[in-house]
Amino acid sequence: MSATSYDSLMGQVMPFLPGAPYPMVISAFNQSARELCRRAKCWSEWQDITLVADQAGYSLTPATDDSSIRVIRAIIIPPRKPMTPITNDEIIRNRPYLLSAIGEPTAYVVNQDMSVTLYPKPTTAQAGIIAKARVSFVPNSDSVTLPADLIERFEEVLIDGCKARMFATPGAWFEPNASAFHKQEFANGVAKAEIDLLTDYGSADLIVQKRAFI
């Protein structure tokens, strides 16, 4: 997946931001991208988990060196139903038997480091089976790039997010009314991205509640 620098969008915002420092504008783009990816989960991919006998824990991989795993949305062993996401507290309270159970995994816990622990623990009978994890990512806080397809698809959303943040920041470019306008446009774009995700960019008639811009 090729990456594109936020530089590609600078020409569409810099004329409105006289004297704004380049790093500040790049950061505004990146913070907008992080917000978009957190809410809409639009940066996602399937990853393979190859089951290993007597191994319950498995690591997943960030999409790029300057991204992080945001959420693990599902794990499936095709053609079965998705595994059930559970918590360690739930195991303690209601399912302690899972700690010693062996067999085909039917549930998983997401750990603090975004690795997963599968329950029951696979045996030699499950070794080599490929589970599929649906993983969503966010750019790191210091990232200066985003996948090219996301830049292309969400160009206007990112521009609105950048302008909203910059116009709310003290400087020669400070324009609170313009910031409020672009804040709302950014929120609208994020809401549409959520709908696009739910319909796989189709045309299903779905409504996603708008969320406050942060």
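Student: What percentage of the 214 residues of the protein count as buried?

Tutor: Of the 214 residues, 44% count as buried, where buried means under 20% relative accessible area, exposed over 50% and partly exposed in between (1.4 Å probe, protein chains only). This is a predicted model, in which local features need pLDDT of at least 70 and side-chain atom pairs count only at pLDDT 80 or more, while totals for chains, interfaces and linings use all residues. Residues are numbered from 1 along each chain as its sequence is written, and side-chain values use heavy atoms, with hydrogens and water left out.

Student: How many helices and strands does the secondary structure come to?

Tutor: The protein has six helices and nine strands; these are DSSP runs (helices H or I, at least four residues; strands E, at least two), numbered from the N terminus.

Student: How should I read a pair of packed helices?

Tutor: Two packed helices are described by the angle between their axes and the distance between the axes. The axes are lines fitted to C-alpha atoms, for helices over the stretch in contact, and angles run from 0 to 180 degrees between N-to-C directions. Here, helix H5 (residues 155–167) meets helix H2 (residues 22–40), with axes that come within 8 Å and cross at roughly 120 degrees. H2 and H5 are therefore oblique to each other; angles under 35 degrees count as roughly parallel, over 145 as roughly antiparallel, 65 to 115 as roughly perpendicular and the rest as oblique.

Student: Which classes of residue make the contact of H2 with H5?

Tutor: Contact means heavy atoms within 4.5 Å. Residues on the H2 side include Met24, Phe29 and Leu36, and those on the H5 side include Leu158, Cys162 and Met166. By class there are eleven nonpolar, three polar and two charged residues. Ala, Val, Leu, Ile, Met, Phe, Trp, Tyr, Cys and Pro count as nonpolar, Asp, Glu, Lys and Arg as charged, and the others, Gly among them, as polar.

Student: At what angle do H5 and H6 pack?

Tutor: H5 and helix H6 (residues 176–198) pack at about 150 degrees, with their axes 7 Å apart. The two are therefore roughly antiparallel to each other. That contact divides into seven nonpolar, four polar and five charged residues.

Student: Is Ser67 buried or exposed?

Tutor: Ser67, found in strand S4 (residues 67–76), is buried, with a relative accessible area of 5%. Its side chain reaches the backbone nitrogen of Thr64 at 3.0 Å, and a polar atom of that side chain lies 3.3 Å from the backbone nitrogen of Ala63.

Conventions: Polar contact = N/O pair within 3.5 Å; in protein donor to acceptor, adjacent residues only side chain to side chain.
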